[in-house]
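Take a look at the model below.

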Amino acid sequence: MISLDLSAVRLGATAVDKTDAIRQVGRILVEAGYIEPGYVDSLLARERVANTFLGNGIAIPHGVPKDRGMIKQTGVAVLQVPGGVEWNPGDRVHLVVGIAAKSDEHLQILTNLTDVLGDPAEAARLAHTTNPADIGQRLSTGTAPAKPAAQPLPDDLPNHFDTVITSPHGLHARPATALVDIAKGFGATIRVRHGNRAGDAKSLIALLNLGIESGATIRVMAEGADADAALAALRDAIDSGLEEEEETAGAAGSADLPRIDWEGPSVAAVAASPGLALGPVRQYQRGKIVVAATARDPAAELTRLDRAIEAAKRELAELYEEVKARAGAGKAAIFRAHAEFLADQGLIDRAKGLIREDARSAGYAWEQSIGEQAKTLAAQQDALLAARALDLRDVGRRVLRMLAERIEDEPNLPDTPVILIADDLSPSDTARLDPALVLGICTAAGGPTSHTAIIARSLGIPAVVGAGDSVLDIADGSPVVLDGNSGTLVLIPTDRDRANAERARADMAVQREAERRACYQPAITTDGARIEVVANIAAPAEAGRAVEAGGEGVGLLRTEFLFLGRDQAPSEDEQAAAYTEMVRALNGLPIIIRTLDIGGDKAVPYMSMPAEENPFLGERGIRLCLNRPELFRSQLRAIFRAAAHGPVRIMYPMISTLEELKRAKALTEEVRLEVGAAPVEIGIMIEVPSAVMMAEELAAESDFFSVGSNDLTQYCLAVDRMHPLLSRQADGLHPAVLRMIDATVRAADKAGIWVGVCGGIAGDPRGVVILTGLGVRELSVSIPSIAAVKAQIRGLSMEQARGLARRALACSTSAAVRGLR
């Protein structure tokens, strides 16, 4: 426990802005001997990814976990700003409480702060007091008002710790998902208590139903053989922040367009995604899912429910990867939370009980279970937590579609440019939208921190939310202006409104057209080196989009899309048709088809794959294909049939030994001769350290290498890239990973073959330069990233790239690599 040293309290300060305030409180921490000067930058870094405003004029800036080495001792400093400083739009701070937390000794001060949050008069008194002892007495452990000891409840467990939730949005979906993931890794019974209620820490729904808001004190309890280890891990996770990335309402603002004074009648809404759109209205209506009320065979219905849930999990895993590649892990994290809903045993048990005991159909039982839990969530007083009911219904609908007898009035997505209006849009609805056809989004409900808003921003679609039910009465085809900067929907635009909107749209169109024209230019450095920029795709329709975006081919076709979400493997004809469609769409550009990469986090029930303790180290990728040769042969035949229509290359995933490669090539050659096809280039994924160490031998048997930097990173660093706490450490720009890529390129150069990279760092701006400097010849990126990557390369010299690459290889941490200039 610590007391607030009065020498670390500064009264009557003024601050120009939030950054100035944070630097001032940081200097107090430095002068008090709590931190090294460099930790002030860490305070600012935390503010860029998280909102530390608690409410009632109080903010608690604190550094990011990786910089704790710069904390000399735990300490707290207070900067009083009587006139206030704007922290976020509409949020004014008078007490800046800077925290240097080496351990958990500061938690009592945070607990005392939450008392102040609930007492506006006390907060105002501390904001203007001229006696530092007032603040010291209020926040120090020895002088804070005593509270009655918490009385044990029947569901309390013996081992526990208390902590304060400092996230600005409380324990909402993303941090709760991370906490659940960690809790599930232990055998102990783990509960979280908030006030007089407790919930299972391994159930996302149970945690959300506790309504844990920012500033709340919770008790984390455990009982069992590994209870101590569980509590230690959970304490570390909570102290580290739990979330990969924080979205705040302030992210919705934009300085891209000037504010416009609209003349026509308008609806004031909430700005959710910046930009401006002019176009006709299209009301979005979801199709009605019809399910049978009863069923005769409970066993069959239970099986149907299990299969539908598993299929929905696979869909969500794919959606997570897609949104993550396009917009980052933080914005994609909601789909991990959705998957966690599907693992909630209480939700599943309730549905199965209705099937077994009441002879209900799987669809009816699931609909009832989802509806009951969603109503409970919607009743939460905290608006953000109540909004998670929409997420739960979104998950429920995903499963329900697979159990439906029929879907009535299924809405067609727009085929002409429109402004979409809806009561609300689920994350899944929003992720399906095509930015070329949806000019803007307006919802009657929702807020700027909703997942709809987050995904709209990631897609670059202007959006306003919380416009009210009146917008649902606007007739289809009515022309409107949507201003995502100011949060305005102009219902009857005047001529001047139209002119202003058209002028703004024209300016944006000119910019987009310039980018579109430039995207077809080759990526040639200023000193003449060419880097091919190609696309990662996972569906037939994406092949044409890749070409339109300026892609010079496809560097990775994930063929798993044909195998997931179904009850049996696709036929050879079905596969051949899909591959051929993509080959033709590329119109002579090359496509690299990766053979089936099932296993690890991608399970297929109909393959009857045995449960594995470490699936990422088990039967996956090429191992599975070699163990199931008929499955492999069918896919290879389909690929060779498609190769008759354009340039195709075959790539094997997860090659770890020379023997695997030789066996795969021998089987491929047998199939080629059976089909009577011409030879094609054959390459391998470099994804495991053994492949790097054997790169010279593997290069002698390959036509090319493609580095899968995501898997190579997790295997090289022994960090699960999906781990809720450790995934932040899985940085593909870590020097260890870069040195492996460098060794791979040198071995390939010696053998006269080329190397591409198809993982996340291929689209990372810093990664583009370093990989180019290492000698990588092809970068395979998500479709939206193609133009930006090509433009970056065109402004780069090989001399610059090689210099940065050399310095990156000499670094000792990924932070040092990312800090290079």
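V737 is buried, because its relative accessible area is 0%, and the cut-off for buried is under 20%. The model is a predicted one. V737 sits in helix 26, which spans residues 735–751. Leaving out residues up to four places away in sequence, V737 touches L712, T713, C716, L717, D731 and G732. Y715 lies 22 residues from V737 along the chain, and their C-alpha atoms are 9.6 Å apart.

Next comes a helix pair. Two packed helices are described by the angle between their axes and the distance between the axes. Helix 21 (residues 629–643) packs against helix 22 (residues 658–675) at about 55°, with the axes 9 Å apart. That angle makes helix 21 oblique to helix 22. The crossing of helix 21 past helix 22 is right-handed. On the helix 21 side, the contact residues include F632, L636 and F640; on the helix 22 side, they include L667, V671 and V675. The residues of this contact are 8 nonpolar, 1 polar and 6 charged.

Now the cores. In soluble globular proteins, nonpolar side chains tend to be buried together.

| Core | Residues | Members include |
|---|---|---|
| Largest nonpolar core | 97 residues | Y652, F705, I741 and L779 |
| Second, separate core | 77 residues | I190, I218, A222 and L347 |

The four residues named for the largest core have the most contacts inside it. Helix 21 gives this core its largest share, 8 residues. What does F705 contact, leaving aside neighbours within four places in sequence? Its partners include I684, L698, A748 and W754.

Terms used
Residues are numbered from 1 along each chain as its sequence is written. This is a predicted model: local features need pLDDT of at least 70, side-chain atom pairs count only at pLDDT 80 or more; totals for chains, interfaces and linings use all residues. Side-chain values use heavy atoms; hydrogens and water are left out. Helices (H or I, at least four residues) and strands (E, at least two) are DSSP runs, numbered from the N terminus. Buried means under 20% relative accessible area, exposed over 50%, partly exposed in between (1.4 Å probe, protein chains only). Contact means heavy atoms within 4.5 Å. Axes are lines fitted to C-alpha atoms, for helices over the stretch in contact, and angles run from 0 to 180 degrees between N-to-C directions. Angles under 35 degrees count as roughly parallel, over 145 as roughly antiparallel, 65 to 115 as roughly perpendicular and the rest as oblique. A crossing is left-handed if the near helix is turned anticlockwise from the far one by less than a right angle, and right-handed if clockwise. Ala, Val, Leu, Ile, Met, Phe, Trp, Tyr, Cys and Pro count as nonpolar, Asp, Glu, Lys and Arg as charged, and the others, Gly among them, as polar. A nonpolar core is a set of buried Ala, Val, Leu, Ile, Met, Phe, Trp, Tyr and Cys residues joined through side-chain atoms within 4.5 Å.
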